[in-house]
Every structure is written in structure tokens, then in C-alpha cells.
Amino acid sequence: MNTKKLGFGLMRLPLNDPANAGDVDLEQVKQMVDRFLEKGFSYFDTAWMYCGFNSEPTARAALVDRYPRDRFTLATKLHHAFFHSLEDRDKILNSQLEKTGVGYFDYYMLHGVEEGNLVKYEQFHCFEWMKERKAQGLMKSIGISFHSTGALLDQILTRYPFLDFVQLQVNYLDWESQWIQSKLCYETAVKHGKPIIIMEPAKGGTLAKVPDTVEQLFREQDPNASPASWAIRFAAGLPHVMMVLSGMSSLSQMEDNLSYMEHFQPLNEAEQALVRKAAELINAQTAVPCTGCSYCTDGCPQKIAIPQYFSIYNENMRDLLEEKGWTANTANYNNLTLKFGKASDCIACGRCEAMCPQHLPIIEHLKTVAEHFGK
């Protein structure tokens with residue numbers, strides 16, 4: 001199995017209907033899988049609830065049923081919201097094995113570990129459970145995907161030294177963030193000698209669609225390099241990183257990623273300085289640091305399109321800062337409200353905030369969005 005650093009994240013797959021997260025464009029995914037493997041890459045990452053619970057079956061249809069088992073590496077996860085007993089852990093694992101059609105997972109994780117759900121993972125002995133299933137051959141490597149502080153990660157890796165790896169949110173925008181703590185979490189994993197898999201290298205697309213001032217900065221340095229390439233090369237260039245996941249949602253996005261990751265070159269010193277400057281500019285223009293993971297929407301009783309509204313709001317705030325004329329942002333917001341609940345429909349139940357790996361004050365942000373587009 002090769003060790004090329006680009007992994008195919010199966011969370012933001014192309015859709016036939018953008019309003020239906022489970023309506024995956026399977027034929028396009030097959031083309032993407034074929035191209036990915038053709039170029040010598042092999043790592044695929046899925047999870048129980050991705051794409052409206054349709055990501056794991058899509059992995060089977062597009063990958064597992066079409067290629068020999070030794071052509072690919074498959075990772076998936078156990079999420080705290082979907083098990084409520086010791087027996088549930090194995091029910092989910094067995095269902096995942098059935099849905100994907102594999103006899104084992106190369107990488108298996110406890111999903112989105114942070115202070116609020118660590119209690120549940122420990123209450124149901126999930127760390128030890130993974131160790132046992134690894135011994136049985138159902139998991140080859142075990143770890144956690146992690147969304148919290150360096151201090152908590154240090155505690156977990158000290159308590160469970162048998163974990164094989166960690167998956168962290170690392171990107172140049174969050175590298176110095178006191179909240180996300182990308183750099184500190186990275187350094188903590190390195191201290192414990194754990195290989196690192198990176199998620200959100202482009203921060204849910206934020207670093208693929210940068211403000212005009214940042215795009216111009218990049219183009220002056222390299223007119224042929226996409227904004228996404230700067231983000232993924234930053235992450236992949238970190239010395240202890242074994243894999244960088246990219247949530248590619250079209251064949252064109254995949255072709256762009258492959259163009260610079262097939263023969264990967266880390267950022268040089270001047271390029272590192274450039275992305276630091278880009279981070280300063282973007283942070284100054286980002287009103288809501290949402291990554292668009294959509295964890296918040298599954299249980300929303302009002303069916304509010306939370307990530308989409310935040311994306312439109314961020315875009316509109318950037319347009320105002322850059323003094324652009326008329327844009328389609330308000331029309332886009334109004335069109336979405338024809339299919340989804342409005343931002344003002346929020347009843348402040350808090351389900352979204354409990355699921356948010358970025359720990360955003362979603363309720364307050366929705367009030368701001370509702371006021372902004374209600375004018």
C-alpha cells in the first residue's frame with residue numbers, strides 16, 4: 001500500500017439534489033474514486049452519519065464492490081450520539097462492516113472526541129472496546145478524531161497510550177487559534193509519538209474560496225495555484241502528518257488536488273510567510289468560523305440550513321468590507337428559506353450547539369443572520 005498523503009474524505013460528496021444530503025451522485029463519485037486510485041492514492045475516510053447516513057453505503061458501491069481489498073485503505077468512526085449501551089457499540093460496528101462490505105477497517109476512530117462527550121466514551125469503555133476489536137482483527141489501527149484543547153488531548157493520550165494515531169483539525173487559519181488550538185494539538189500528538197491525520201485542511205471550503213485580497217496575494221506568487229492548494233500543502237508539509245483528508249465534492253476539485261499532491265512539494269519559507277499573511281486577512285473578514293460539516297442540521301426540529309446560512313452571511317460581510325456592489329447573497333438566502341426553516345425560526349433548543357465540533361454559539365449567530373437578512 002502506498003503512502004501518498006492525500007486522503008479522500010467522503011463527507012462532502014457531490015449531490016444530485018443539494019437540498020438532500022443523502023442524494024449522492026454515485027456515478028460522479030465512481031469517476032472520482034477511479035481517478036484517485038489511478039493516480040496512486042488509496043486512503044478513504046467515511047463515518048456513520050456522513051451524507052445523511054449514506055456515505056458508508058456509497059463507499060461500498062463506488063469503491064469496495066469495484067476494487068480488490070488490497071487496493072484501498074478505509075477509515076470510519078463511532079459517534080457518541082448513536083450508541084446507548086455496550087451492545088450498541090457492536091451493533092453499529094457490525095452494521096458499518098455490512099454497509100461498507102469490508103471484513104475489517106484499516107483505521108477506526110471514536111468520533112469528534114471533546115470534553116463534553118469523553119464521559120460517554122469512557123462510561124461505555126469505548127477505548128478498551130476498540131483495543132479488543134483490534135485484537136480480533138476487525139480494526140487494524142485505532143485512534144480518535146479530536147476537537148478540543150491540547151491539554152485534554154494530552155490527558156487522553158497519557159491515559160490510553162495504546163491508541164495508534166490521532167485525527168486533528170489543522171489548517172493555516174486555525175494554526176494559532178486559541179480556541180481550535182491546531183498547533184498545540186499537533187505538538188501534543190507529536191510529543192506522544194502519534195502519527196497525525198489531518199481533517200479540515202481547507203476549513204470546510206473556507207480556504208478554497210478566499211476573499212479577493214487573499215486570492216490576489218496567492219496569484220501574485222503563483223498564478224496557476226488554486227487557493228485550496230495553499231491550504232492542503234501547508235497541512236501536508238507538517239513533518240509528523242501521515243495523511244491529509246480533502247472533502248472533495250466534484251471531479252474538478254479532485255483533479256485540482258491531484259495536480260499538486262501527486263508529486264507533493266511542501267511550502268518553502270517564503271510560501272509559509274504568505275499563508276500566515278493570508279490567515280491574518282481572512283480572520284479579519286470571517287464573521288462566523290463555520291466549517292460546513294452539517295453535524296448541526298440532522299437533529300434541527302426547524303430544519304434550518306445552518307451552514308448554508310452562515311456561508312451566505314460570511315460572503316455578504318466580505319462583500320460589504322470589499323465595497324462590492326449588488327450581490328446575490330440576499331436572494332440566495334431567500335431562495336434557501338423556500339426549502340428550509342429561516343434563521344429566525346430557531347427555537348433555541350440547543351441541539352445544534354451540542355453537536356458543533358467548533359463549539360460555535362450557533363443560536364446567537366442565527367439571530368444575527370436573521371436580523372441581517374431581515375432588513
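A salt bridge here is a side-chain nitrogen of Lys or Arg within 4 Å of a carboxyl oxygen of Asp or Glu. All views come from a predicted model, where local features need pLDDT of at least 70, side-chain atom pairs count only at pLDDT 80 or more, and totals for chains, interfaces and linings use all residues. Residues are numbered from 1 along each chain as its sequence is written, and side-chain values use heavy atoms, with hydrogens and water left out.

View 1. Helices here are DSSP runs of H or I with at least four residues, strands are runs of E with at least two, and both are numbered from the N terminus. Glu-364 is partly exposed, at 44% relative accessibility. For burial, the cut-offs are under 20% relative accessible area for buried, over 50% for exposed, and partly exposed in between (1.4 Å probe, protein chains only).

**View 2. Asp-45 and Lys-77 pair up between two strands.** Their side chains meet in a salt bridge at 2.8 Å, N to O. Asp-45 sits in strand β2 (residues 43-45) and Lys-77 in strand β3 (residues 73-79), so this pair links distant parts of the chain, 32 residues apart. Are these two partners buried or exposed? Asp-45 is buried at 2% relative accessible area, and Lys-77 is buried at 0%. A search of the whole structure turns up 20 salt bridges, and one network of them links Arg-35, Glu-38 and Glu-255. As a general point, side chains of opposite charge can pair when their charged atoms come close.

**View 3. Lys-99 has a salt bridge to Glu-56 and a ring under its charged end.** The salt bridge with Glu-56 comes in at 3.1 Å, N to O. Lys-99 is part of helix α4 (residues 86-100) and Glu-56 of helix α3 (residues 55-64), so the pair ties together parts that are 43 residues apart in sequence. Both Lys-99 and Glu-56 are buried. The charged end of Lys-99 also sits over the ring of Trp-48, 3.9 Å from its centre. The rule for a charge over a ring is NZ of Lys or CZ of Arg within 6 Å of the ring centre and within 35 degrees of the ring normal. Arg-69 meets it too, lying over the face of Tyr-104 at 4.1 Å from the ring centre.

**View 4. Tyr-108 and Trp-129 make an edge-to-face pair.** Rings of Phe, Tyr and Trp (its six-membered ring) pair if their centres lie within 6.5 Å; planes under 30 degrees apart count as stacked, over 60 as edge-to-face and the rest as tilted. By this rule there are 19 aromatic pairs. For Tyr-108 and Trp-129, the ring centres are 6.0 Å apart with the planes at 70°. Tyr-108 is in strand β4 (residues 105-113) and Trp-129 in helix α6 (residues 126-135), so parts 21 residues apart in sequence are tied together. Both residues are buried.

**View 5. Phe-218 and Trp-230 are stacked.** The centre to centre distance is 4.7 Å, with 10° between the planes. Phe-218 belongs to helix α9 (residues 212-221) and Trp-230 to helix α10 (residues 227-236), 12 residues apart. Phe-218 is buried at 1% relative accessibility, and Trp-230 is buried with a relative accessible area of 1%.

**View 6. Phe-44 sits in the largest nonpolar core.** A nonpolar core is a set of buried Ala, Val, Leu, Ile, Met, Phe, Trp, Tyr and Cys residues joined through side-chain atoms within 4.5 Å. Of its 86 residues, Phe-8, Phe-44, Ile-144, Ile-156 and Tyr-172 touch the most other members. Helix α10 gives the most to this core, with 7 residues. Leaving out residues up to four places away in sequence, Phe-44 has contacts (heavy atoms within 4.5 Å) that include Leu-10, Val-33, Leu-63 and Phe-72.

**View 7. Ser-55 reaches the backbone of Leu-10.** A polar atom of the Ser-55 side chain lies 2.7 Å from the backbone oxygen of Leu-10. Ser-55 is found in helix α3 and is buried, with a relative accessible area of 0%. Beyond neighbours within four places in sequence, Ser-55 is in contact with Leu-10, Thr-46, Ala-47 and Tyr-50.

Technical notes: Polar contact = N/O pair within 3.5 Å; in protein donor to acceptor, adjacent residues only side chain to side chain.
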